[in-house]
Amino acid sequence: MPHDHSDHPHSLLPPDPALRVKALETLLTRKGLVDPAALDVIIDTYENKIGPRNGARVVAKAWRDPAFRQALLEDATPVVADLGYYGRQGEHVVVVENTAQTHNMVVCTLCSCYPWPLLGIPPAWYKSDAYRARAVREPRKVLQDFGVTLAENTAVRVWDSTAEVRYLVLPERPAGTEGLDEAELMALVTRDSMIGTGFPRTPDQAAP
Ligand code: FE
């Protein structure tokens, strides 16, 4: 599939998209075309309700259930849709698994494609020019900046998102988590670990 972003409105935005969006919102509201309350609901949904929690649930399930994990790696889209995770920017999801041999990380070199239904709205750094350029050119250095140091014989594989395909990294399950239930495992799964720029927490780092 070509990396065709021509249908992405955000690729046409000037360097200060926040300002531009605010201006549009003000204009549309003034003309009675949009209801600011409705916009707030959409933003709140992606920022807080979805956030990275849905992705964390998918990861926790995959850690606990080998059949679920297998199905996820084979064709993630229907598997996550069954959990109710589908829609905008989630039409075709591919899950890539980290192992001792391979570490995966995700970027969108042209803009900011991201699996919204699983991870919510992308963080600012994901959309930055620096990350988009450097993730491909010097992935190991970028990972070091994120505090991710890999064994020398672990290969880094960088996945460039497209308008058609969104990636989710399935991180390695931390040691010492054998007895944990799904909710406890979810608490270990960070957003960055599902982008490939972080590791999951270990049980002693778990958020309270
Ligand atoms: Fe993109």
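Reader: Which residues have the most contacts inside the largest nonpolar core?

Author: This is a predicted model. Its largest nonpolar core has 43 residues, and helix H3 (residues 53–64) gives the most to this core, with six residues. Those with the most contacts inside the core are Val58, Leu72, Leu118 and Tyr131.

Reader: Leaving aside neighbours within four places in sequence, which residues is Leu72 in contact with?

Author: Leu72 is among the residues with the most contacts inside the largest nonpolar core. Once its neighbours within four places in sequence are set aside, the contacts of Leu72 are Val58, Ala62, Val79, Val80 and Val95.

Reader: Is Asn54 buried or exposed?

Author: Asn54 is found in helix H3. Beyond its neighbours within four places in sequence, Asn54 is in contact with Tyr85, Pro117 and Leu118. The cut-off for buried is under 20% relative accessible area. Asn54 has a relative accessible area of 14%, so Asn54 is buried.

Reader: Which face of helix H8 do Tyr131, Arg132 and Ala135 line, one face or several?

Author: The buried residues of helix H8 (residues 129–137) are Tyr131, Arg132 and Ala135. Seen down the axis of H8, these buried residues fall within an arc of 100°. On the other side of H8, Asp129 and Arg137 are exposed. Because of that arc, the buried residues line one face of the helix.

Reader: What do the buried residues of H8 pack against?

Author: The buried residues in question are Tyr131, Arg132 and Ala135. They pack against strand E2 (102–107), helix H7 (124–127), helix H9 (139–145), strand E3 (155–160) and helix H11 (191–195).

Reader: How many residues of E2 are buried?

Author: E2 is joined to E3 by six bridges, and the two run parallel. E2 is also among the elements that the buried residues of H8 pack against. E2 is largely enclosed by the rest of the structure, because the buried residues number five of its six.

Reader: What is the bridge partner of Met105 in E3?

Author: Six bridges join E2 to E3. For Met105, the bridge partner in E3 is Val158.

Reader: How many disulfides does a search of the whole structure find?

Author: Cys108 is buried, with a relative accessible area of 0%. Cys113 counts as buried too, at 0% relative accessibility. A disulfide needs a pair of cysteine sulfur atoms within 2.5 Å. Over the whole structure, the number of disulfides found is zero.

Reader: What distance separates the C-alpha atoms of Cys113 and Val165?

Author: Cys113 lies in the loop between E2 and helix H6 (116–119). Along the chain, Cys113 and Val165 are 52 residues apart. Their C-alpha atoms are separated by 8.5 Å.

Reader: What share of the contacts with a separation of 6 or more joins residues 24 or more positions apart?

Author: The protein chain has 11 helices and four strands. Of its 208 residues, 38% count as buried. Among contacts with a separation of 6 or more, the share from residues 24 or more positions apart is 70%.

Methods: Residues are numbered from 1 along each chain as its sequence is written. This is a predicted model: local features need pLDDT of at least 70, side-chain atom pairs count only at pLDDT 80 or more; totals for chains, interfaces and linings use all residues. Side-chain values use heavy atoms; hydrogens and water are left out. Buried means under 20% relative accessible area, exposed over 50%, partly exposed in between (1.4 Å probe, protein chains only). The arc is that of the directions from the helix axis to the C-beta atoms. Contact means heavy atoms within 4.5 Å. A nonpolar core is a set of buried Ala, Val, Leu, Ile, Met, Phe, Trp, Tyr and Cys residues joined through side-chain atoms within 4.5 Å. Two strands pair if DSSP finds at least two bridges between them.
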